[in-house]
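Let's take a walk through a protein model together. Have a look at the sequence and the 3D picture first, and then read on.

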Amino acid sequence: MPPIPGSGLAKGLAVTLRTMTKRTVTAQYPDVQPELPPRSRGVIGLFEENCTVCMLCARECPDWCIYIDSHKETVPPAAPGGRERSRNVLDRFAIDFALCMYCGICIEVCPFDALFWSPEFEYAETDIHELTHERDKLREWMWTVPEPPALDPGAEEPKEIAAARKTADKLQAQEERVAQEAREAQGAQPGKEAQSGQAAEQEGQE
Ligand code: SF4
Ligand code: SF4
């Protein structure tokens, strides 16, 4: 049977009317930033203060796209009579994001919490060579890493926080002791002055 003239137009209008009333799902990026899930794998941030140059991340990376250079430095003994120690100093830490497959193995294996996922994703380049990012850039991304989610109620306090709290309490107690000693010393001073004043008065009367 030949198609009824104008039926195509009617079908098209029906589709238009149906979709006109539905909520739009088009993301207006870059005018509107997308709402990303909290654990998005955008880019890797480096907290280099925590990095001990153990090389575990570079060794475990399946793509061999982490480049680390370092040198050794001798550290003087902590106490007199102690032994000198040597430590690794980071010279270069770079990740080639043209090779990275975002598997997260480097972040998982880092024993010192120096690598983190950041949701930052706006680092596209027109030249593939510019996708190798050095430590300064990785450090900038570190500040875009979201805070970890709150612990479950009743969960054990992480040992790092417990240790930091212990140190902070110790420092506060020390500061309070010093302030108390200073207050006591100040309190003793006027007494002495008063005593010397009385002695001078007595001498004058004599
Ligand atoms: S996410 Fe995976 S591929 Fe990318 S640097 Fe880390 S270990 Fe290598
Ligand atoms: S595994 Fe962690 S501590 Fe070791 S080199 Fe990599 S980032 Fe640094």
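The report below goes from the overall layout to a few individual residues.

## The whole chain

What you are looking at is a predicted model. The protein chain has five helices and five strands, and reading along the sequence gives the pattern α-β-α-β-β-α-β-β-α-α.

How does the radius of gyration of the protein chain compare with that of a compact globule of 206 residues? A compact globule of that length would come out near 17 Å, but this chain has 33 Å. The box filled by its C-alpha atoms, taken along the principal axes, is roughly 140 × 50 × 40 Å. Buried residues make up 9% of the 206 residues.

## Two domains

The chain is divided into domain 1, covering residues 33–142, and domain 2, covering residues 156–199. Taken over C-alpha atoms, the centres of these two domains are 42 Å apart.

Contacts also tell us something about the chain. Among contacts between residues at least 6 apart in sequence, 74% join residues at least 24 apart.

## An annotated group of cysteines

Which residues does the UniProt annotation "binding site" cover? According to that unreviewed entry, they are C51, C54, C57 and C110. These residues span 60 residues in sequence, yet no two of their C-alpha atoms are more than 10.4 Å apart, so they gather at one spot.

Let's zoom in on two of them. C57 is part of helix α2, which runs over residues 56–60. This cysteine counts as buried because it has 23 C-beta neighbours inside 10 Å, and 20 or more are needed for that label. Leaving aside neighbours within four places in sequence, C57 is in contact with I66, C106, V109, C110 and L115.

C110 sits in the loop between α3 (105–109) and β4 (115–118). Is C110 buried or exposed? C110 is buried, since 20 other C-beta atoms lie within 10 Å. Not counting residues up to four places away in sequence, C110 touches L56, C57 and L115.

## Around ligand 1

Next, find ligand 1 in the 3D view. There are 13 residues around ligand 1, and those that come nearest are C61, C100, C103, I105 and C106. What kinds of residue form this shell? The shell divides into 11 nonpolar residues, one polar and one charged.

## Backbone details worth a look

Most residues other than glycine have a negative phi, and most peptide bonds are trans.

With that in mind, look at the bond that joins Y29 and P30: this peptide bond is cis, with omega about 10°. P30 lies in the loop between α1 (7–20) and β1 (43–46).

Two residues other than glycine have a positive phi to look for. For M55, phi is near 70°, and this residue is in the loop between β1 and α2. M55 is exposed because 12 other C-beta atoms lie within 10 Å, and the label applies at 12 or fewer. For Y102, phi is near 60°, and this residue is found in the loop between β3 (85–96) and α3. Y102 counts as exposed too, with 12 C-beta neighbours inside 10 Å.

Terms used:
Residues are numbered from 1 along each chain as its sequence is written. Chains are lettered from A and ligands numbered from 1 in the order in which they are written. This is a predicted model: local features need pLDDT of at least 70, side-chain atom pairs count only at pLDDT 80 or more; totals for chains, interfaces and linings use all residues. Domain bounds come from an automatic or database domain assignment. UniProt positions are given in the numbering used here, feature names are shortened, and annotations may be inferred rather than shown by experiment. Helices (H or I, at least four residues) and strands (E, at least two) are DSSP runs, numbered from the N terminus. Two residues are in contact if their C-beta atoms, placed from the backbone, lie within 7 Å. The radius of gyration is taken over C-alpha atoms; the globule rule is 2.2 Å times the number of residues to the power 0.38. A residue is near a molecule or strand if its C-beta atom, placed from the backbone, lies within 6 Å of it. Ala, Val, Leu, Ile, Met, Phe, Trp, Tyr, Cys and Pro count as nonpolar, Asp, Glu, Lys and Arg as charged, and the others, Gly among them, as polar.
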